[in-house]
Amino acid sequence: MSTLDSSNAGHLGGHHAHGGSYLTPKGGWLTTVIDWATTVDHKKIGVMYMVAVLFMFFLGGVAALVVRTELVTPVRTVEVQATDPATGQPMVDAEGKPVMKSEIRGQWLGEMKAKITGQELTSIDGGNNWYNRAFTLHGAIMVFMVIIPSIPASLGNFLIPLMLGAKDVAFPRLNLLSWYVYVTGSIFAVCSIVIGGVDTGWTFYTPYSTTTDAEYANVVLMVLGAFILGFSSILTGLNFVVTVHKLRAPGMGWFDMPLFIWAMYSTSLIQVLATPVIGITLLLLIFERMFRIGIFDPALGGDPVLYQHFFWFYSHPVVYVMILPAFGVISEIIPVHSHKKIFGYRAVAFASLGVALVSFLVWGHHMFASSGELAATVFSALTFLVAIPTAVKVFNWIATLYKGSIALTTPMWYALIFLFLFSIGGLTGLPLGTLATDLHLHDSYYVVAHFHYVMMGGTIITFVGGLHHWWPKMFGRMYNQFWANIGAFTVFIGFNVTFFTQFFLGTQGMPRRYASYIDDYQIYHVISTVGSYILLLGFLIHLFVFLHSLVAGRKAPANPWGGLTLEWEAASPPDEHNFHHEPIVKHGPYDFDTTVPPHWDPKDYPLPARPKHAH
Amino acid sequence: MIEKLSQLVSTLGPTTLAAESQPTYSWWFRNWGATENATHSDTIFMNIWWISVGWFVFLMALMVYFVIRYRRRPGVPAPYSPSHNTSLEVAWTVIPCFFLTYMFLAGFSGYIEKMVAPGDAIEMNLTAKKWDWTLTYPNGASSPERTVVGAAAKTQAGDATPGARPIPIFYIPGDTSVKLKMVSQDVMHSFWVPDFRIKMDIFPNRYTTYWFHAKGPDQSSPVLKDSTGKDVTTAQGEKVHYNDHFIFCAEYCGDQHSEMWGIIRVVPRVYYAAKIEEWNIEGKTPEEIGKLVYQSQGCVACHTVDGSKGAAPTWKDLFGNTVPTNAGPTLADENYIRESIYTPNAKIHEGYPSNMPVFTTAQIDERRMQGLIAYIKSISSKAGTAPAAAPAAAAGQSPADNKPADTKEAPKK
Amino acid sequence: MSTLDTRSGIGNDVPLWKRYVAGHHWRSADEEFDACTLGFWLFLATEVLLFAGLFCAYAMLRYKYPEAFVNGSSYLDWRWGCVNTAVLLLSSYTMAASIRMFQLDRQGTGKLLLAITFVCGLGFLFVKGTFEYMPKLSGWFFFLDPALPHYLEFKNAEALGGMLVHIDGYGGKAPGQFFSYAFSSDPWEPLWWSVYYSATGIHALHVVIGMSLIAWCWVRARKGAYGPTHYTMVENTGLYWHLVDLIWIFLFPLLYLIH
């Protein structure tokens with residue numbers, strides 16, 4: 001019954017005689033750089049995405065820390081001295097004491113304005129401007145440039161062809177184009193930050209976004225960046241859908257596919273079907289800013305609520321673009337590390353499609369405080385529908401643990417952390433779907449806490465967990481599991497300290513996007529900020545673990561965890577063309593009770609004895 | 001902060017919804033029961049919360065138990081177990097549906113309560129603009145009272161200090177249904193009174209409504225004091241109790257979004273009636289009307305009346321003098337003032353940005369406009385001067401008028 | 001997504017399409033063709049959804065300001081709309097016929113039909129720019145415009161060089177805040193023009209993209225790249241062109257005919 005085919009991996013972990021691993025340099029450094037920049041190899045593109053996403057994650061993280069640091073005190077924590085517009089020198093008052101930006105709201109503002117003759121200030125800098133820019137930066141980068149492409153574009157690109165037993169994605173050159181489009185969009189966004197940043201919030205709500213900083217191009221640049229990133233998302237999604245349809249290995253039916261593929265397939269469908277709507281929305285927003293066409297501008301007869309509908313028609317499904325791949329990763333990690341067939345394969349697979357379908361019907365729950373009663377009621381009912389497939393998935397994962405053989409490796413720890421955090425994230429969403437309570441919690445810190453539990457506790461945690469799971473496959477090196485586990489615990493503790501406190505802030509009345517707040521909230525903000533620095537520490541530990549692994553990690557075997565999906569049949573790291581010959585699928589992706597994993601070597605990883613009934 | 005921490009610890013634990021003994025400060029909510037709808041909404045929240053805690057503890061307990069019980073031990077095989085069980089899967093799909101149905105229905109009932117105002121509600125108009133609120137009472141009056149709260153008040157005492165942003169206080173009758181008709185003058189805002197557990201977005205060019213029935217102050221509520229610290233009394237000589245509730249803007253609206261606050265001060269009906277009569281413009285001289293408009297429409301936030309500098313030109317000695325504008329020097333007469341209020345961008349005073357909000361005739365009607373003009377006239381030394389004589393008068397401006405501003409600036413140079 | 005293997009051993013007298021080799025990750029050229037077509041249909045779905053946003057904006061604003069839309073629409077000449085519809089329908093036919101010709105290896109006819117399609121696209125843009133956008137924006141008309149009755153009401157039309165006529169007060173129908181048409185009877189008419197220019201402008205951009213693809217096909221076809229066994233690029237360009245046509249079929253009645 002075993003399909004063990006060791007020739008597919010060459011020498012375990014080593015380079016095969018012809019071709020060699022995809023990481024083998026082709027020549028000098030210049031040749032190598034050109035080779036990577038022009039590659040159509042899905043594995044290299046996946047790694048390039050990973051590097052780009054991690055860099056943007058760093059930028060967005062810095063912005064998050066800036067925001068958290070500012071919120072330590074109820075007034076400005078980081079005081080910036082105002083500049084005297086006449087002299088360009090720092091501003092002082094009559095006694096020679098410095099005048100802070102936060103103070104220039106009454107008298108000093110007048111002083112400053114009096115000195116700027118013939119020059120209009122489009123927005124009054126009352127000292128919150130930079131804070132507003134910091135949280136916008138954090139939101140826009142984390143949503144558009146980190147979470148949306150994180151798992152789909154990096155792990156997805158690397159793994160989909162390998163898991164399907166294909167040599168590449170359907171359209172390799174389009175794939176490279178997607179990466180360049182992604183980088184172009186990111187460059188636009190970074191340019192927008194460099195020339196002054198954007199203070200609209202990542203949602204770009206009109207009419208604020210169409211009027212703020214009217215003389216400057218930064219908002220247009222940022223919106224254009226998001227528009228371009230949308231193309232990258234569409235092209236990647238399209239590529240994956242066709243790949244799944246057309247490039248499955250012989251013998252792999254739809255229900256023989258790993259669940260990660262199912263999740264990515266659902267994700268890609270959403271990307272293809274939702275992103276065009278944000279495309280036209282952002283395009284009209286740009287027209288609105290540049291030509292004042294008025295479709296979203298109430299002063300010209302337009303409707304800002306129409307913008308919200310358009311925006312959330314994309315941005316709600318995109319929440320599932322963020323979380324579905326995470327479901328996929330968890331559906332891989334849990335069976336492999338507990339050597340147990342996933343419970344209810346079809347339920348999990350159909351739940352992915354179900355979530356994707358329902359995700360298109362619930363956008364209105366972002367607008368309970370602005371839409372009519374009938375719409376709100378319908379959207380509330382539909383919102384509760386989405387809870388069902390999600391809950392089913394969680395039950396299935398926990399049922400998979402039952403009577404397994406659970407190894408507490410770093411990826412498994414991350415899967416357990418995910419179950420903990422995502423359950424909180426999901427359950428705290430219930431009062432938000434409930435109309436009566438949402439009118440209180442909408443746009444408060446409760447929402448902030450909720451979506452961080454889902455987006456970060458769900459997607460980012462899983463992305464890091466997935467990196468630990470496939471790191472040996474991607475780079476052919478093991479990492480220090482002890483320190484990786486320390487990092488995982490630090491992240492777990494830091495995350496909860498940071499975000500659980502924010503639930504209380506929200507119910508007590510702290511609105512989101514506030515730089516100042518009433519004194520009673522301070523204690524919660526201080527705890528939250530301490531937590532954010534613990535999070536930083538956790539991610540730094542991971543960074544060092546990965547760097548150490550690249551430099552000095554021991555060689556990874558082809559199948560370090562004993563997985564059954566096809567990527568573990570390839571070498572670690574895989575050869576240039578993935579497999580020496582096309583793999584033929586003879587067992588399901590999770591048939592641990594009947595199959596010995598490929599390349600199984602007791603020295604690498606001791607397996608439990610096979611159950612008696614297996615034959 | 002330590003005391004706050006110990007206070008938090010003392011209220012740690014499940015907050016009960018037992019009537020009467022509700023804490024005013026708990027982990028989850030501040031100020032229980034400010035309105036009946038709020039209490040209902042909190043009940044729904046706490047019910048969902050305990051349902052969620054039940055599910056969460058159940059799932060996590062299973063997870064932890066499985067991880068410990070079935071941890072990998074070398075040489076020990078994983079026991080066989082099926083990977084599919086239809087009845088179990090149907091059960092865990094159907095059972096959550098009951099809970100979800102309860103949540104939807106409870107939420108819907110609370111929502112209708114929050115959205116549909118009773119027919120006898122007093123209707124008031126609320127206008128939002130960057131970054132201030134204006135409430136107009138049924139008799140056309142607006143509240144001119146403002147205060148400074150929070151850390152800003154502590155570090156920068158008094159509204160004369162730079163940086164302290166005075167927020168408006170709206171007097172609302174207790175035990176009375178009040179319905180606000182809300183509209184914005186610029187971008188979107190959202191009116192949120194956390195104690196009432198409801199918020200509603202405010203749009204330009206479109207009305208939205210917000211209603212509440214605030215519990216009136218009782219004997220345990222604080223007593224209202226005037227600026228000298230004496231207790232305020234009604235005409236009958238009774239002390240006035242009040243409850244304050246914060247208003248926050250909950251829809252991001254720019255630089256000072258986080259300072260766009262207000263206070264709803266719930267007072268007994270008699271005191272409310274006396275207060276809005278005091279601010280009523282009926283039976284007042286134009287100058288008094290102008291002063292009320294100046295305070296209640298937010299002019300006070302930028303324009304000073306004592307000659308000191310603000311975010312906008314001072315009104316002291318404005319009338320009758322020639323002001324430098326981007327359309328050349330202009331005589332500040334009645335027409336200039338009128339134009340500057342209804343169409344502020346027509347002429348921009350040199351040295352000031354064009355960020356004066358546009359007012360409509362609905363907000364400042366003819367009577368109020370004339371009141372404002374009369375008020376501005378009354379604080380100008382040129383008030384009696386005929387427009388034709390103004391240029392000559394401007395040249396011979398008396399140095400005494402400018403003195404306060406001069407003395408303020410002198411030490412800086 | 002096709003790759004042309006010019007290094008294959010067959011001599012140069014063999015047409016390019018016979019020398020086509022599918023990408024290395026495909027099992028056969030047929031599978032590659034299927035995948036490309038599937039991918040392209042998905043891409044077309046995204047295009048439809050892009051325009052769906054515009055149609056939603058149209059519906060919402062029309063519902064809000066019906067008079068403004070009727071009023072604005074009366075300035076559009078349905079006859080020019082008809083001409084453009086006919087031009088696009090013709091071009092769709094020639095495009096489809098061209099694909100058939102390549103499938104039958106009738107290279108010359110195929111290339112000719114491609115060229116006709118391209119010219120039709122040009123014609124569409126010419127009509128749009130000359131007879132639709134220009135008079136509305138500037139008040140300048142070509143006199144061959146089969147004038148609407150109300151054009152003639154403007155008595156002070158001046159002729160300039162015979163062909164070009166300027167009608168005072170006719171132009172100024174720019175979108176949004178640039179709207180300066182003095183005789184507008186509806187305050188929300190600028191919104192109609194915003195929708196009109198956004199929808200037709202983005203459609204025109206798609207026409208340009210389609211024409212670029214057709215031009216590229218023509219260049220490749222001259223080198224003999226398409227034939228009975230390999231015509232993916234022409235096929236997909238054709239699909240794209242039909243979509244552009246289809247969107248116009250929806251835009252035309254919505255903008256020109258509904259009153």
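The paragraphs below go through a predicted model, chain by chain.

Residue numbers start from 1 along each chain as its sequence is written, chains are lettered from A and ligands numbered from 1 in the order in which they are written. In this predicted model, local features need pLDDT of at least 70 and side-chain atom pairs count only at pLDDT 80 or more, while totals for chains, interfaces and linings use all residues. The predictor assigns the complex an ipTM of 0.89 and a pTM of 0.85.

Chain A has 17 helices and zero strands; helices here are DSSP runs of H or I with at least four residues, strands are runs of E with at least two, and both are numbered from the N terminus. Of the 615 residues in chain A, 66% are buried. A residue is called buried if 20 or more other C-beta atoms lie within 10 Å of its own, exposed if 12 or fewer do, and partly exposed in between, with C-beta atoms placed from the backbone. Two residues are in contact if their C-beta atoms, placed from the backbone, lie within 7 Å. Among contacts in chain A between residues at least 6 apart in sequence, 83% join residues at least 24 apart.

A:Ile323 is placed in helix H9 (residues 304–338) of chain A. A:Ile323 counts as buried because 25 other C-beta atoms lie within 10 Å. Leaving aside neighbours within four places in sequence, A:Ile323 has contacts with A:Val454, A:Gly458 and A:Thr459.

The next topic is the nonpolar cores. A nonpolar core is a set of buried Ala, Val, Leu, Ile, Met, Phe, Trp, Tyr and Cys residues joined through C-beta atoms within 7 Å. The largest one has 312 residues, and A:Ile261 and A:Ile417 have the most contacts inside it. Not counting residues up to four places away in sequence, A:Ile261 touches A:Ile160, A:Met163, A:Leu164 and A:Val244.

Chain B contains an open sheet of six strands in the order S3-S4-S10-S9-S6-S7, with mixed pairing; strands pair if DSSP finds at least two bridges between them. Strand S3 (146–147) and strand S7 (198–202) of chain B each have a single partner strand, so one side of each is left without a neighbour in the sheet. Strand S6 (residues 189–193) and strand S9 (residues 243–249) of chain B run antiparallel and are joined by two bridges. B:Phe191 has B:Cys249 in S9(B) as its bridge partner.

Elsewhere in chain B, B:Pro344 is found in the loop between helix H7 (334–342) and helix H8 (366–378). B:Pro344 counts as partly exposed because it has 17 C-beta neighbours inside 10 Å. B:Pro344 and B:Pro357 are 13 residues apart in sequence and 7.2 Å apart in space, C-alpha to C-alpha.

Chain C meets chain A through a contact that takes 29 residues from chain C and 33 residues from chain A. On the chain C side, helix H1 (29–64) and helix H5 (189–222) each supply at least two residues. The largest share of that side, 15 residues, comes from H1(C).

Chain C averages a pLDDT of 85, and 87% of its residues score at least 70; pLDDT is the predictor's confidence in each residue, from 0 to 100. In chain C, pLDDT stays under 50 over residues 1–9 and over residues 145–151. Where pLDDT is low, the predicted coordinates should not be read in detail.
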